[in-house]
Amino acid sequence: MSSFTPNHALLNPKFEGYKLEVISQEDTVTRFGLEYRPTQMANSGRSPLSFKEVQSRITHNHLAIANDSGRCLYIDSEHRVILVDLTNDSHTPSFTVVYALPTPISAPAAVQIHREYPSAVFLDAQTAFIADGQGALYILGLPAEGVATTLGCFELSDHTQTPHLAPTPFRIHSLAKSSDNVAIALLSSRFYGDHEAAPTQSVTSHASEFDVWAARFSLPFPSQNGDLAPIDILWRRRGQDVPISMDYDNSRKCYLLAGSSVYRELNQPAPPSYEPSPDEMAPIPRLDEKLDVETPARPPSYSWTQTSDSVTVAFPLPATTPTSSIKVTFSQKTLTVHVQSTSHVEGVSLPHYSAQQLWDGIQTSTSFWTWDREGEHSFGLLTLHLDKQHEDARWMHVFASAGTPGGEEEVTETLDPSELYLIRESLEKYTAALQSGEDMSGLGLGRGVPALAQGEMDEEVDSSVGRVAFLTWVGEDGGIPVWSSGVGDSACNVLSIDLPGSGPGTSMVVKNGIDGALFTLDEAQTTGSLPTWTHSATFSALAFVLASKQDTRFTYHVSSKAVLAFENGSRDRGGNVYIYRGGHPGQIWEKQSVLKVGDGSAGSLLGVGMSKTAQGYTIVCLCQNELVVMHNIF
């Protein structure tokens, strides 16, 4: 189904690092004190929050953005809806109290139920959906000036898990029109278990689950008598985490749910909890016992490097190989290398390529090969010198099929040409280790790691960057799309999602080694088309640089222009935003900028988004005490 296959032409193994591009703080950042202040406080039940709930609340974005309108809103600590308008001529945002939500009242039925943060989304610049975090939903009409009009009031009830008819607290994630007369809102809530079937079940269970709801609303909104009407639920799914993002794909007439678990239909059983097998249990080491000895990894079949006009490939062969056993044939697009075996060396396979497609064309008349036995070594080197047909054309691999399913192995370019021939020593150590069983660490073979990461990589830290996300597709009726029958839900490691307000379309920056690969969801030609993701850009070494950020709260991207990592900040120390620019293949340096979001008095960062104004695109940051506006970043 959905696969994230990188385009090797867009990767940059020679990337060195980021250079600082200074942006004037005074010319770019403007701060506005808040009269109506938001809060991270939420009155909850007496039972503790689960880890998944805490994680989702940390990354909750308290700011709602209306695309291309210059409007945004938030809910303050007094449960008032504050509309922010950035389009006035004074270049100073206006803050208007457009609605007051009912004050929450604690009830005995809600003792064990956690309230959610208030949340909001725009249907358009004049219409907003507001969830109060207690189970009620308010649809507001937003005029150009003045207070809002109430277009509808609804509540979400699930009597099987909330006793005494108490509504179910929920969060609203996204909103889209499935047709001219229907709007669909995607909601999430904590599942507390079947109250009627298991009245004594504790909601403090560590195996917390969460529901995803699709709520249907008719357009135009029908008139109401003022009472809370039940929300019309189109479908409901259940998973083990709050979704990272939820979107409606109008071209496929399907919903895309991304989270750290799949979201199953309610009639399907919950996946069994993982129990390690006895073989996976870590043994207890005994005196003088070595438990970390692993089977040595085989070096690649060859090493290679390139200049602007040539490619050099080195194959290690047993030193006893006679020249007559080597057959090399060049053509403009292919390479043939056959070596007949004269002696067997354990763990060594001889090269055998028959008309293998090269990455690019070569000049056959000036390309040649040499065989150097090096008598003092057990391996010699067969070296191919290939003259490029197109000078300055950068090769990503030697062979066009490298790294593809069923293709040749992916061999990373050796950055330092002086290390090209270390493959001979590596193979000698490898074969010796096979015979002696010694450890193979520290071979010194050039692996193509960017200079930015040399000597700095921490595999344990780097592996924790990003969030593992499973992609679950749901049909309009809540069922499984026909085209996905028999195909499992795909997974990836997400480093960044779209910055709210940055425009239509769905894209994600997915971890690829230490890089971040930007994948964009292609629009379907027909509603039955399989979803395809296209690798459109690469943020080199993004995973590596993000691993060094310890206080990151939000990570968003704006198409292929930049990835923005926002720090949380605090009352006495303002946070930064780190801006990593997108680049082009072959560039060894990219630009990085740093701007101060909070100045120490702004408080923690609670929400971010992008708004379009007369001055262009503006980044809006909602802090506890200030609204911070950033101009002219892109």
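Reply: Of the 634 residues in the protein, 50% are buried, where buried means under 20% relative accessible area, exposed means over 50%, and partly exposed covers the range in between (1.4 Å probe, protein chains only). The model is a predicted one, in which local features need pLDDT of at least 70 and side-chain atom pairs count only at pLDDT 80 or more, while totals for chains, interfaces and linings use all residues. Residues are numbered from 1 along each chain as its sequence is written, and side-chain values use heavy atoms, with hydrogens and water left out.

The protein has five helices and 37 strands; helices (H or I, at least four residues) and strands (E, at least two) are DSSP runs, numbered from the N terminus. Among contacts in the protein with a separation of 6 or more, 64% are between residues 24 or more positions apart, a contact being heavy atoms within 4.5 Å. The accessible surface comes to about 29,500 Å², and carbon and sulfur atoms account for 50% of that area. Accessible areas come from the Shrake-Rupley method with a 1.4 Å probe, and for residues only the protein chains shown count as cover.

The charged pairs come next. Side chains of opposite charge can pair when their charged atoms come close. The structure holds 16 salt bridges, each defined as a side-chain nitrogen of Lys or Arg within 4 Å of a carboxyl oxygen of Asp or Glu.

One of these joins Glu626 and Arg31, at 3.9 Å from N to O. Glu626 lies in strand S37 (residues 626-631) and Arg31 in strand S2 (residues 29-33), so this pair ties together parts that are 595 residues apart in sequence. Glu626 is buried, at 10% relative accessibility, whereas Arg31 is partly exposed, at 26%.

Helix H2 (residues 51-58) takes part in a further pair, with Lys52 in the helix and Asp241 in the loop between strand S15 (232-239) and strand S16 (245-249), 189 residues apart. The side chains of Lys52 and Asp241 meet in a salt bridge of 3.9 Å, N to O. Lys52 has a relative accessible area of 26% and is therefore partly exposed; Asp241, with 1%, is buried.

Glu53 forms a salt bridge with Arg190, and the closest N and O atoms are 2.6 Å apart. This pair also links distant parts of the chain, since Glu53 lies in helix H2 and Arg190 in strand S12 (residues 182-191), 137 residues apart. Both partners are buried: Arg190 has a relative accessibility of 4%, and Glu53 has a relative accessible area of 3%. Elsewhere, Glu21, Arg581 and Lys591 are linked in a network of salt bridges.

Asp132 presents another case. This residue is buried yet has no salt bridge, and the nearest side chain of opposite charge, that of Arg115, is 8.3 Å away; here Lys and Arg count as positive and Asp and Glu as negative, while His and the chain ends are not counted. Asp132 is found in the loop between strand S8 (127-131) and strand S9 (136-141). A polar atom of its side chain lies 3.3 Å from the backbone nitrogen of Gly135, and a polar atom of the Asp132 side chain lies 3.1 Å from the backbone nitrogen of Ala136. A polar contact is a pair of N or O atoms within 3.5 Å; within protein, one must be able to donate a hydrogen and the other to accept it, and residues adjacent in sequence count only if both atoms are side-chain atoms. Leaving aside residues up to four places away in sequence, Asp132 touches Leu101, Glu116, Pro118 and Tyr138.

Some backbone features complete the account. The peptide bond from Leu219 to Pro220 is cis, with omega near -5°, and Pro220 lies in the loop between strand S13 (209-218) and strand S14 (229-230). His79 is not a glycine, yet its phi is positive, near 65°; His79 is found in the loop between strand S4 (71-75) and strand S5 (80-85). Ala355, also not a glycine, has a positive phi of about 45° and is found in strand S23 (residues 352-357). His79 is partly exposed, with a relative accessible area of 22%, and Ala355 is partly exposed at 49%.
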